[in-house]
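Welcome! Let's take a walk through this protein together, one feature at a time. Have a look at the model first, and then read on.

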Amino acid sequence: MTFTESVRACLSKYVTFSGRAGRSEFWWFAAFFFGGAVVLSMIDAALFGTDHNAPEQVGILAPIFQLAMFLPYLAAAWRRMHDTGGPGGYLLLPLAVSIAMYVFLFLGIFAFGAMETAGADPDALRGPAAILGLSGLMIAGVVQFILLILLVYWLTRPSQPDANEYGPPV
C-alpha cells in the first residue's frame with residue numbers, strides 16, 4: 001500500500017476498530033500523523049512564536065491536527081494488532097499503567113497526609129514518602145518502557161497470512 005492509499009484508507013475508516021490493517025497501511029499512516037504534527041508545529045512556531053513562558057503564544061494548528069487524527073491513528077493501530085492476531089485492547093496497557101500510577105500516587109499522598117494529621121512527625125514521614133513515591137515512579141517508568149518495546153514489537157510483526165478471528169487478510 002502506498003502512502004496516499006494508506007492515508008485515504010485510514011481516514012475512510014476514521015473510527016473503524018474492526019477488521020485488519022497491514023503493516024504498510026499502519027506505518028504509512030503513522031508517518032503521516034507524526035510528519036503532519038511536526039510540520040504544523042513548525043508552522044505554529046513561525047506564526048505564533050516559540051516563547052513557552054507566554055501562554056498566549058500557543059500554536060493551534062498542530063493540536064487541532066493531532067486531535068483530529070488521534071482516533072484514526074488509534075483505529076489503525078487497533079486493526080494492525082488484529083492483523084498480527086492480537087487483540088487491539090493491548091494498545092491500552094500503557095494507559096492502564098498510567099492510571100494505576102496516578103491512583104497509587106494520590107493514595108500515597110492521602111495516606112501520608114492522614115498519618116501526619118493523626119499526629120505522626122512530618123519530618124519522619126518525608127523520607128519514607130519520598131522513597132515510596134520515587135520507587136513507584138521508577139517502577140511505573142520501567143513498566144511503561146517495557147510496554148513501549150512490546151507495542152513496537154507487536155505492531156511490526158508480520159501479518160498472519162490466513163484469515164484469523166478478526167477477518168480475512170488484507
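The lining of the largest pocket is made up of 13 nonpolar residues, 4 polar ones and no charged ones. In this predicted model, that pocket has a volume of about 390 Å³. It is lined by 17 residues, and the closest to its centre are Phe 104, Leu 105, Gly 108, Leu 132 and Gly 133. Two helices, α4 (93-117) and α5 (122-156), are the elements that give two or more residues to this lining. The largest share, 9 residues, comes from α4.

Now turn to the second largest pocket, with a volume of about 310 Å³. Its lining has 13 nonpolar residues, with no polar and no charged ones. Nearest its centre you will find Phe 70, Tyr 73, Leu 74, Leu 91 and Leu 151. Here α2, α3, α4 and α5 each supply at least two lining residues, and the largest share, 4 residues, comes from α3.

From the pockets, let's move to the charged side chains. How many salt bridges does the count come to? The count is 3. One of them joins the side chains of Arg 20 and Asp 83, at 2.8 Å from N to O. This pair links distant parts of the chain, with Arg 20 in the loop between α1 (3-12) and α2, and Asp 83 in helix α3, 63 residues apart. Another salt bridge pairs Glu 25 with Arg 79, their closest N and O atoms being 3.2 Å apart. Glu 25 sits in helix α2 and Arg 79 in helix α3, so to speak distant parts of the chain, 54 residues apart. Both Glu 25 and Arg 79 are buried.

Asp 83 also meets Arg 80 in a salt bridge, at 2.7 Å from N to O. These two residues both lie in helix α3, 3 residues apart, about one turn of the helix. Arg 80 counts as buried because its relative accessible area is 0%, and Asp 83 is buried too, at 1%. Through shared partners, salt bridges join Arg 20, Arg 80 and Asp 83 into one network.

Finally, look at the surface. Val 38, Val 39, Met 42, Ile 43, Leu 47, Phe 48, Ile 60, Leu 61 and Ile 64 form a nonpolar patch there, with about 800 Å² of accessible area together. Both α2 (23-48) and α3 (61-83) supply at least two of its residues, and α2 gives the most, with 6.

Definitions and conventions: Residues are numbered from 1 along each chain as its sequence is written. This is a predicted model: local features need pLDDT of at least 70, side-chain atom pairs count only at pLDDT 80 or more; totals for chains, interfaces and linings use all residues. Side-chain values use heavy atoms; hydrogens and water are left out. Patches are made of residues with over 30% relative accessible area and no salt bridge: like charges are joined within 9 Å, nonpolar side chains (Val, Leu, Ile, Met, Phe, Trp, Tyr) within 5 Å. Accessible areas come from the Shrake-Rupley method with a 1.4 Å probe; for residues, only the protein chains shown count as cover. A salt bridge is a side-chain nitrogen of Lys or Arg within 4 Å of a carboxyl oxygen of Asp or Glu. On a 1 Å grid over the protein atoms alone, a cavity is a set of points where a 1.4 Å probe fits but cannot get out, and a pocket is an open set with protein on both sides within 12 Å along at least five of seven lines; lining residues have an atom within 4 Å of a point. Grid points are joined across faces, edges and corners, and a volume is the space filled by probe spheres set on the points. Ala, Val, Leu, Ile, Met, Phe, Trp, Tyr, Cys and Pro count as nonpolar, Asp, Glu, Lys and Arg as charged, and the others, Gly among them, as polar. Buried means under 20% relative accessible area, exposed over 50%, partly exposed in between (1.4 Å probe, protein chains only).
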